[in-house]
Amino acid sequence: QVQLVESGGGLVQAGGSRRLSCAASGRIASINAMAWHRQAPGNQRELVAGITNRGITNYADSVKGRFTISRDNGKKTVYLQMNSLKPEDTAVYYCNANVRAIGATRTNDYWGQGTQVTVSS
């Protein structure tokens, strides 16, 4: 079993910063790509940022220059540093990881439970 647990969400004023963390645990053999997604009320879930196990990153156009994704492979943790936050960044943020579990022959995608980020104007 593999679990992803996010933390760091909360209420922040527009222009402020917030750092999200997502720690993976369980019977993990290896972790490939990790990513952050978000879903605002009435909207579909969208990719915010992704990072490969070699550190190659990609970002949604709406967050480029403001958000930074990083990971600590030793801690099996991915981070999302969010700066210059806007009210439109308000959403539930979900962590996602492509993981090969111990004893498994293929990888699977796992999701965290989500953490709410609310940006007030």
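## Basis of the model

The structure is predicted: local features need pLDDT of at least 70, side-chain atom pairs count only at pLDDT 80 or more, and totals for chains, interfaces and linings use all residues. Residues are numbered from 1 along each chain as its sequence is written, and side-chain values use heavy atoms, with hydrogens and water left out.

## Overall fold

The protein has eleven strands and zero helices. Here strands (E, at least two residues) and helices (H or I, at least four residues) are DSSP runs, numbered from the N terminus. Read from the N terminus, the order of elements is β-β-β-β-β-β-β-β-β-β-β. The radius of gyration is 14 Å, close to the 14 Å that the globule rule gives for 121 residues, so the protein is as compact as a globular protein of that length. This radius is taken over C-alpha atoms, and the globule rule is 2.2 Å times the number of residues to the power 0.38.

Along the principal axes, the C-alpha atoms fill a box of roughly 50 × 25 × 25 Å. A contact means heavy atoms within 4.5 Å. Of the contacts between residues at least 6 apart in sequence, 55% join residues at least 24 apart.

## Surface and charge

The accessible surface is about 6400 Å², and carbon and sulfur atoms account for 45% of it. Accessible areas come from the Shrake-Rupley method with a 1.4 Å probe; for residues, only the protein chains shown count as cover. Buried residues make up 40% of the 121 residues. Buried means under 20% relative accessible area, exposed means over 50%, and partly exposed lies in between (1.4 Å probe, protein chains only).

The protein has 14 positive and 7 negative charges, and their mean positions are 9 Å apart. Lys and Arg count as positive and Asp and Glu as negative, while His and the chain ends are not counted. Each charge is placed at NZ of Lys, CZ of Arg, CG of Asp or CD of Glu.

## The nonpolar core

A nonpolar core is a set of buried Ala, Val, Leu, Ile, Met, Phe, Trp, Tyr and Cys residues joined through side-chain atoms within 4.5 Å. The largest one has 30 residues, and those with the most contacts inside it include Trp36, Phe67, Met82 and Tyr93. Among the elements giving two or more residues to this core are β3 (18-26), β4 (28-39) and β8 (77-82). Strand β9 gives the most, with six residues.

Beyond its neighbours within four places in sequence, Met82 is in contact with residues including Leu20, Phe67, Tyr93 and Val117.

Ser21 lies in strand β3 and counts as buried, at 19% relative accessibility. Not counting residues up to four places away in sequence, Ser21 touches Val5, Glu6, Ser7, Trp36, Val78 and Tyr79.

Leu11, in strand β2 (residues 10-13), is exposed, with a relative accessible area of 61%. The C-alpha atoms of Leu11 and Trp36 are separated by 18 Å.

## Two loop residues with positive phi

Most residues other than glycine have a negative phi. Lys76, in the loop between β7 and β8, has a positive phi of about 55° although it is not a glycine. Lys76 is partly exposed, with a relative accessible area of 30%.

Ser84 is in the loop between β8 and β9, and its phi is also positive, near 50°. Ser84 is partly exposed, with a relative accessible area of 41%.
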